[in-house]
Amino acid sequence: MEQTRQQTDLKKIIRERRSVKKGYNNKPVQQETVLEILEDAIWAPTHGVRQPWRFIFVGSDKKETFAKQIAATYPEERQQNREEYLNEPNAFLVVIMQEPELQKQWDENFGATACMIQNFQLLAWEEKLGVVWKTNPHIYDPNVKEILNVGENEKIVGFLHLGYFDESPAKKDRIPVTEKFSVFK
């Protein structure tokens with residue numbers, strides 16, 4: 001009976017989780033909460049147990065400075081827009097991945113990091129903490145890598161925008177799996 005309830009809860013969370021892009025309330029995202037979620041999220045599958053990730057947390061107390069520095073890497077005519085955009089979430093978690101030389105290991109590291117991010121999103125959803133994984137152009141900018149002290153053999157996988165919410169975003173339907181499924185013959 002307990003096993004069935006847990007499976008149902010997991011299925012429900014997987015199906016209900018949404019990316020929360022806007023509509024954050026004013027409840028601050030605490031560093032301790034993010035650390036607690038990460039303690040479980042890092043149990044994602046990882047080839048060779050490489051655990052190729054590391055994290056930079058930006059709390060609400062540093063958000064304005066962070067937004068200003070990242071926005072400054074854009075052309076002048078876009079800086080105000082980018083700064084406003086980066087001030088919308090209540091906090092950020094920057095996810096950084098080790099980039100090995102072998103393509104196979106690079107792919108494995110990226111897959112593991114993506115799995116860990118999904119774990120983080122599901123666990124945050126349980127706490128009513130909204131998350132959206134953003135891959136805006138600035139994650140590829142060498143100046144942003146320098147601001148964040150990202151190493152030569154590291155990649156910014158994304159900025160996770162974080163904030164508590166009162167109303168969850170609307171559900172968007174999925175294409176039925178039968179339309180994406182075939183059997184090898």
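Reply: Start with charge. Lys and Arg count as positive, Asp and Glu as negative; His and the chain ends are not counted. The place of a charge is NZ of Lys, CZ of Arg, CG of Asp or CD of Glu. By that rule the protein has 26 positive and 28 negative side chains, and the centres of the two sets lie 7 Å apart.

Me: What are the ground rules here?

Reply: The model is predicted: local features need pLDDT of at least 70, side-chain atom pairs need pLDDT 80 or more, and totals for chains, interfaces and linings use all residues. Numbering starts from 1 along each chain as its sequence is written, and side-chain values use heavy atoms, without hydrogens and water.

Me: How do you know that F66 is buried?

Reply: Buried means under 20% relative accessible area, exposed over 50%, partly exposed in between (1.4 Å probe, protein chains only). F66 has 7% relative accessibility, so F66 counts as buried. F159 has 0%, so F159 is buried as well. Of the 185 residues of the protein, 40% count as buried.

Me: Why is the pair of F66 and F159 called tilted?

Reply: Rings of Phe, Tyr and Trp (its six-membered ring) pair if their centres lie within 6.5 Å; planes under 30 degrees apart count as stacked, over 60 as edge-to-face, the rest as tilted. The count comes to 5 aromatic pairs. For F66 and F159 the centres are 5.5 Å apart and the planes at 40°, so the pair is tilted. F66 lies in helix α3 (residues 63-71) and F159 in strand β4, so the pair ties together parts 93 residues apart in sequence. F66, F92 and F159 form one aromatic cluster.

Me: Why is the pair of W125 and F165 called stacked?

Reply: Their ring centres are 5.2 Å apart and their planes at 25°, so the pair is stacked. W125 is in helix α5 and F165 in the segment after β4, so parts 40 residues apart in sequence are tied together. W125 is buried, at 11% relative accessible area. F165 is buried too, at 8%.

Me: What makes a nonpolar core?

Reply: A set of buried Ala, Val, Leu, Ile, Met, Phe, Trp, Tyr and Cys residues, joined through side-chain atoms within 4.5 Å. The largest has 22 residues; M116, F120, L160 and L162 touch the most other members. Helix α5 gives the most to this core, with 5 residues. Another core lies apart from it, with 16 residues, among them A67, F92, L148 and F159.

Notes:
Helices (H or I, at least four residues) and strands (E, at least two) are DSSP runs, numbered from the N terminus.
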